[in-house]
Amino acid sequence: MNLRLLKNIGFWIIAVILTIAFASYQRMTGPTYPIKGKTKVDNQEISYKLLRTWGGTSDAKIEIIVPENIAGEVTYKRYKSNDEWLTLPMTRTDNKITATLPNQPPAGKIVYNIVLKSNKSQVKITEEPVVIRFKGDVPSWLLILHVIFIFGAMLMTIRTAMEAIFKRNRTFLFTKITLLFWLAGGMVFGPIMQEYAFGALWTGWPFGHDLTDNKTLVALIFWIIAYFKLRKDSTNRLWPIIAAVVMLVVFFIPHSVLGSEIDYTQIPK
């Protein structure tokens, strides 16, 4: 096995590892990832996972596994509304207590607190209320394609940057592949997903301030510039590196920040 082939394999391995790391970071950050933690009631440790996103037309189901002597209640209201707080008891089924939050239109949100109770004490399990956003059903095939192309673009971004930094001869080819992946994932499947989820293809500039749409557009612009710079001069190394840095910054911004939401204070009851 010659040295060039070994370097290629090494570059791809590094690119794959970094892509997986970025995918994990994106999954675990942002306002839609469930809040996980542990609390204690009468010295009994209880783990919880509180939802922050819910798809479909059914009510959102919140479940917590607790000992038999622990009960719970949920207090909630619509987010960004003048509603009064409502409180309802959580119902027990076997070792779980459950509450359902009423379904909202796509991009509608509910803010809620959960209190666990025993005969001796009660504990609010999070310091701040939890916000859950509702959305429409997104077909699995569409989500899979979106994820494949988005993280395929991330993989090719890293690989393109390596090709440019080490002055190798496939920088232009990898730039074209990166651009095509980003176009497909971010500008084709992304908007279609958003239409299913929130009833709008595009809510970024100039129509709104959705940060996910806007950062997708910014990264696209830089990759288009890099493409045309390399098309004119295939030895150009600056612009693919700049585009790659912009893409890395984009992936450091948590997904769905400043996403679509309904302001219920502006809607008549």
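Predicted model: local features only at pLDDT ≥ 70, side-chain atom pairs only at ≥ 80, totals over all residues.
Colleague: What makes the pair of Glu261 and Lys109 a salt bridge?

Modeller: The side chains of Glu261 and Lys109 meet at 2.7 Å, N to O, and the cut-off for a side-chain nitrogen and a carboxyl oxygen is within 4 Å, so the pair counts as a salt bridge. The pair links distant parts of the chain, with Glu261 in the segment after H5 and Lys109 in strand S9, 152 residues apart.

Colleague: Is Lys109 buried or exposed, and how do you know?

Modeller: Lys109 has 15% relative accessibility, and because buried means under 20%, Lys109 counts as buried.

Colleague: What makes Glu73 and Lys117 a pair that ties parts together?

Modeller: The side chains of Glu73 and Lys117 meet in a salt bridge of 3.0 Å, N to O; Glu73 lies in strand S5 and Lys117 in strand S9, so the pair ties together parts that are 44 residues apart in sequence. Glu73, at 21% relative accessibility, counts as partly exposed, and Lys117, with a relative accessible area of 28%, is partly exposed too.

Colleague: How do you know that the span of helix H1 agrees with its number of residues?

Modeller: Helix H1 (residues 3–28) has 26 residues, which at 1.5 Å a residue should span 38 Å, and its end C-alpha atoms are 38 Å apart, so the two values agree. The buried residues of H1, among them Phe11, Ala15 and Phe22, pack against helix H2 (140–165), helix H4 (211–232) and helix H5 (238–252).

Colleague: Which residues meet where H1 packs against H5?

Modeller: Phe22, Tyr25 and Gln26 in H1 meet Leu248, Val250, Phe251 and Phe252 in H5, and the residues of this contact divide into 6 nonpolar, 1 polar and no charged. The two helices pack at an angle of about 35°, with their axes 9 Å apart.

Colleague: Why is His146 called buried?

Modeller: His146 has 14% relative accessibility, and because buried means under 20%, His146 counts as buried. His146 is found in helix H2 and, not counting residues up to four places away in sequence, touches Gly185, Phe189, Gly190 and Met193.

Colleague: Which residues have the most contacts inside the largest nonpolar core?

Modeller: That core has 25 residues, and those with the most contacts inside it are Leu50, Ile64, Leu101, Tyr112, Ile114, Leu116 and Ile132; strand S9 gives the most to this core, with 4 residues.

Note on methods:
Residues numbered from 1 in each chain as written. Heavy atoms only, no water. Expected span 1.5 Å × (residues − 1). Buried < 20%, exposed > 50% of the residue type's maximum accessible area, 1.4 Å probe, protein only. Contact = heavy atoms within 4.5 Å. Axes fitted to C-alpha atoms, helices over the stretch in contact; angles between N-to-C directions. Nonpolar A, V, L, I, M, F, W, Y, C, P; charged D, E, K, R; others polar. Core = buried A, V, L, I, M, F, W, Y, C linked by side-chain atoms within 4.5 Å.
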